[in-house]
Amino acid sequence: MRSRPASTRRLTRSPHRRPLTLVALATVLTGLAVTGCARTVIVEPAKDAANPKCADIMLTLPEEISGQKARTTSSQGTKAWGDPNVAVLRCGVTPPGPTTDSCVSVSGVDWISKPAEGDETTWKFTSYGRTPAVEVLVNRKAESGNDVLAAISPTLSKFPPETECVGAEDIDG
């Protein structure tokens, strides 16, 4: 086999090959830069995540909470904010029944409030008296639960409550 001289090889290449290679490389690097900053948050979907009301809720949730932008999540009916996560929301969780757990009201929406099981840094809020129910996990070290609920509650307030939290002082006896 004979080889061609280097000068001949250069002349036989397509004149467009090098620019296309550079464009392809630039496109891949741009894609990596854009996706490298925004990892998908893996969130287990709630049992009733396909509820049409969850779609309405998801479409009207804020894109930002306390300066933290929304991130892409892995499941329907879920949303997360911040990197690392400040808050993670799941729509369509089982509505809580009567409970002795603490209940807070934010912008007319009642929330059952308690520490997340097995995690001292996370607080769990579950909407009370509304279907579908929404669960919000808040990283206590990164953000105030009150600030997160203040941003999310206006969306839920568009759906009328079926019941509301009552305390011992509210019960006739």
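Reply: Happy to! Strands here are DSSP runs of E with at least two residues, helices are runs of H or I with at least four residues, and both are numbered from the N terminus. Two strands pair if DSSP finds at least two bridges between them. This is a predicted model, where local features need pLDDT of at least 70, side-chain atom pairs count only at pLDDT 80 or more, and totals for chains, interfaces and linings use all residues. Residues are numbered from 1 along each chain as its sequence is written, and side-chain values use heavy atoms, with hydrogens and water left out.

Let's start with strand 1 (residues 64-65), which runs antiparallel to strand 2 (residues 68-71) and is joined to strand 2 by two bridges. Glu64 has Lys69 of strand 2 as its bridge partner. The hairpin of these strands has two residues between them, and there Ser66 takes a positive phi near 50°.

Strand 2 also pairs onward: two bridges join strand 2 to strand 3 (residues 78-81), again in an antiparallel arrangement. Here Arg71 stands opposite Ala80 of strand 3. This second hairpin has six residues between its strands, and Gly77 is the residue with a positive phi, near 75°.

Finally, a link to a residue elsewhere in the chain. Ile152 is in contact (heavy atoms within 4.5 Å) with Ile65 and Trp81, among others, leaving aside neighbours within four places in sequence. Ile65 belongs to strand 1 (residues 64-65), and Trp81 belongs to strand 3 (residues 78-81).
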